[in-house]
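Biologist: I've got a new model to look at, and I'm still learning how to read these. Could you walk me through it?

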Amino acid sequence: MYTTLIAVQTLNGLQLGIILFLIAAGLTLVFGVMDFINLAHGVQYMIGAYFVFTFTALTGSFTLGLLLALPAALIVGLILEVLVFRHLYDRDHLEQVLATFGIILFLNQGVKVVWGASPLYVPVPELLQGSIEIFEGFFYPVYRLAIIGAGLGVAALLYFLVSYTRAGMLVRAGATNARMVSALGIDIRRLFMVVFGFGAMLAGFAGAMVAPILSVEPGMGDNLLILAFVVIVIGGIGSIRGAFIAALLIGLVDTLGRGFAGDILRLVMDPSAASQTGRAIAPMLIYILMALVLIFRPSGLFPVRR
């Protein structure tokens, strides 16, 4: 029974890590290439969830809803980049934080006006309903496995694009030395627009994928945004590989910590005190991890060389 619980929590941690990676990947590239702090990145996750709800309801198919939600999230990201964010690139970080925080408030209220404040629900696709037996006596929901598989597929595709294509070369060069790339005749603003739009679509994809297992509601991306920033700090700003490894690490530490911190503390403490202490410590574990990484590797686990 305990082995089954560990397996369930491990898979849940991997799922959380994959979602965090999809959100953090675009965020770390934007921060790495243009040194731009975008607090509003989390609302792209929320918008992706609302779009898949809307398009699934209109078409009657989650697959079609997802295929329509991705370009819609991309378009919204590009619109925000053109209308708002490109005017903030040359501002200091404090102004960027204040402006993008205002975008969070605006869009959270905007979805309330369009979709209402009540939580909305997306049905799990019929093909991915039910559970599958991974080993004897251990069943896990098929859709959650699909999220993990889809996230790993996107991570592999993103690694290929960044590592083996010309566009990826420019992104890596921009993350290393944006001024030099611009001096070589590359339109760094256009490059950033592409990166920003792609990052927005990745965040929208994350929101669309979790919509069938979580409620779709205003502000649903705010807490994950904090975790995404922890990911890029631990992984290294501008590093896709660092974001992937850090996201999986944070997902596992957070999920396993919440599940088993009390049990581990019972080995050295009274059961009642261990349970209370475990509940208090568990939410802090990822921040303790971040602090340790900053002490020993201030630039992150896989920093981009500059």
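Biologist: By class, how many nonpolar, polar and charged residues does the lining of the largest pocket have?

Modeller: Before that, note that this is a predicted model, where local features need pLDDT of at least 70, side-chain atom pairs count only at pLDDT 80 or more, and totals for chains, interfaces and linings use all residues. Residues are numbered from 1 along each chain as its sequence is written, and side-chain values use heavy atoms, with hydrogens and water left out. For classes, Ala, Val, Leu, Ile, Met, Phe, Trp, Tyr, Cys and Pro are nonpolar, Asp, Glu, Lys and Arg are charged, and the others, Gly among them, are polar. On that basis, the lining has 13 nonpolar, four polar and three charged residues.

Biologist: How much space lies in the largest pocket, and which residues are the closest to its centre?

Modeller: On a 1 Å grid over the protein atoms alone, a pocket is an open set of points with protein on both sides within 12 Å along at least five of seven lines, while a cavity is a set where a 1.4 Å probe fits but cannot get out; lining residues have an atom within 4 Å of a point. Points are joined across faces, edges and corners, and the volume is the space filled by probe spheres set on them. Here that gives about 420 Å³. Out of 20 lining residues, the closest to the centre are L16, L214, L224, L227 and D254.

Biologist: Which helices each supply at least two residues of that pocket's lining?

Modeller: Helices are DSSP runs (H or I, at least four residues), numbered from the N terminus. The ones you want are α1 (2–34), α8 (222–235), α9 (240–265) and α11 (285–296).

Biologist: Is α8 roughly parallel or antiparallel to α11?

Modeller: Axes are lines fitted to C-alpha atoms over the stretch in contact, and angles run from 0 to 180 degrees between N-to-C directions. α8 and α11 pack at about 25°, with axes 10 Å apart. Angles under 35 degrees count as roughly parallel and over 145 as roughly antiparallel, so α8 and α11 are roughly parallel.

Biologist: What volume does the largest cavity have, and which helix gives the largest share of its lining?

Modeller: The structure holds one cavity of 30 Å³ or more, and the largest has a volume of about 60 Å³. Its lining has six nonpolar, five polar and no charged residues, with G26, H41 and F196 among them. The largest share, three residues, comes from α7.

Biologist: And α5, is it roughly parallel or antiparallel to α7?

Modeller: Helix α5 (residues 142–164) packs with α7 at about 170°, their axes 11 Å apart. That angle makes α5 and α7 roughly antiparallel.

Biologist: Last one: how do the residues of the contact of α2 with α4 divide by class?

Modeller: The axes of α2 and helix α4 (residues 93–115) come within 10 Å and cross at roughly 15°, which means the two are roughly parallel. Residues of α2 including V43 and F51 meet ones of α4 including L107 and W115. The division is 10 nonpolar, two polar and no charged.

Note on methods:
Parallel < 35°, antiparallel > 145°, perpendicular 65-115°, else oblique. Contact = heavy atoms within 4.5 Å.
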